[in-house]
Amino acid sequence: MVFARFAFVLFLLVPGLAHAEAKPLEVVIAKSVIYPGQTISEDMLRSVETMKSPPVGMSVVTQKDQLIGMIGVQTILPGRFISTSHVRPPAVINSGDLVTVTFAGAGFSIALTGIALQEAGFGETLLVRNVETGKTIRGHVLPDGSIQTGGPR
């Protein structure tokens with residue numbers, strides 16, 4: 001009896017779903033292959049409308065300005081959805097740069113000079129070597145280009 005009700009409800013719902021009008025999705029795709037490390041420019045992109053749905057959980061790029069100036073972190077193929085995770089902001093700190101590292105705690109702040117051991121953009125984590133002690137510190141890049149470790153961000 002329960003199965004019969006379920007089958008009847010399914011019969012009523014499925015035809016209604018089949019007639020639901022799908023709306024096109026406007027997305028940005030690459031015109032040609034974009035390789036990891038490449039800076040993305042407007043002439044590498046085009047906007048298209050598609051009836052395809054992106055994979056579940058994928059945050060796709062819908063505006064060119066979300067990509068222009070960004071750096072590819074993996075190969076981006078032409079004609080495919082571009083995920084926001086396929087790109088990163090350009091580096092503001094390069095490997096070998098001298099940086100100011102700040103450690104902040106409850107009511108105090110300590111600053112030191114370090115050497116960046118890798119490149120990173122705003123908000124990213126990177127490793128820095130303390131020039132005085134030689135110890136390696138992990139911190140986050142702040143908008144001013146300094147590194148913060150410890151305490152609230």
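Is His-86 buried or exposed? His-86 counts as buried, at 13% relative accessibility. Buried means under 20% relative accessible area, exposed means over 50%, and partly exposed lies in between (1.4 Å probe, protein chains only).

This is a predicted model: local features need pLDDT of at least 70, side-chain atom pairs count only at pLDDT 80 or more, and totals for chains, interfaces and linings use all residues. Residues are numbered from 1 along each chain as its sequence is written, and side-chain values use heavy atoms, with hydrogens and water left out.

**Overall build**

- The chain has 1 helix and 9 strands. Helices (H or I, at least four residues) and strands (E, at least two) are DSSP runs, numbered from the N terminus.
- Along the sequence, the pattern reads α-β-β-β-β-β-β-β-β-β.
- The chain has 153 residues, and 27% of them are buried.
- The accessible surface of the chain is about 10,000 Å². Carbon and sulfur atoms account for 59% of that surface. Areas come from the Shrake-Rupley method with a 1.4 Å probe; for residues, only the protein chains shown count as cover.

**Nonpolar cores**

- A nonpolar core is a set of buried Ala, Val, Leu, Ile, Met, Phe, Trp, Tyr and Cys residues joined through side-chain atoms within 4.5 Å.
- The largest nonpolar core has 12 residues. Among them are Val-28, Ala-30, Ile-34, Met-44, Leu-67 and Val-87.
- Another core, of 10 residues, lies apart from the largest one. Its members include Ile-93, Val-101, Ala-120 and Val-141.
- Ala-30 is in contact with Met-44, Leu-45, Ile-76, Leu-77, Pro-78, Gly-79 and Ile-82, leaving aside neighbours within four places in sequence.

**His-86 and its surroundings**

- His-86 sits in the loop between β3 (71-72) and β4.
- Not counting residues up to four places away in sequence, His-86 touches Met-58, Ile-71, Gly-72, Val-73, Gln-74, Ile-76 and Phe-81.

**Salt bridge**

- There is 1 salt bridge in the structure. The term means a side-chain nitrogen of Lys or Arg within 4 Å of a carboxyl oxygen of Asp or Glu.
- Glu-119 and Arg-88 form a salt bridge through their side chains, at 2.5 Å from N to O.
- The pair links distant parts of the chain, 31 residues apart. Glu-119 is in the loop between β6 and β7 (125-130), and Arg-88 is in strand β4 (residues 87-88).
- Arg-88 is buried, at 17% relative accessible area. Glu-119 is partly exposed, at 41%.

**Aromatic pair**

- The structure holds 1 aromatic pair. Phe-103 and Phe-108 form this tilted pair, with 5.8 Å centre to centre and 35° between the planes.
- Rings of Phe, Tyr and Trp (its six-membered ring) pair if their centres lie within 6.5 Å; planes under 30 degrees apart count as stacked, over 60 as edge-to-face and the rest as tilted.
- Phe-103 is partly exposed, with a relative accessible area of 35%. Phe-108 is partly exposed, at 40%.

**Surface patch**

- Leu-98, Ile-115, Leu-117 and Val-131 make a nonpolar surface patch of about 330 Å².
- Patches are made of residues with over 30% relative accessible area and no salt bridge: like charges are joined within 9 Å, nonpolar side chains (Val, Leu, Ile, Met, Phe, Trp, Tyr) within 5 Å.
- Ile-115 belongs to strand β6 (residues 108-116). Ile-115 is partly exposed, at 32% relative accessible area.

**Loop and strand positions**

- Gln-118 lies in the loop between β6 and β7. Gln-118 is partly exposed, at 30% relative accessibility.
- Gln-118 and Asn-94 are 24 residues apart along the chain, and their C-alpha atoms are separated by 6.1 Å.
- Gln-118 touches Ile-93, Asn-94, Ser-95, Thr-125, Leu-126 and Leu-127, not counting residues up to four places away in sequence.
- Gly-105 is in strand β5 (residues 98-105). Gly-105 is partly exposed, at 28% relative accessibility.
- Gly-105 and Thr-149 are 44 residues apart in sequence and 9.5 Å apart in space, C-alpha to C-alpha.
- Gly-57 is in the loop between β2 (45-50) and β3. Gly-57 counts as exposed, at 82% relative accessibility.

Note on methods:
Contact means heavy atoms within 4.5 Å.
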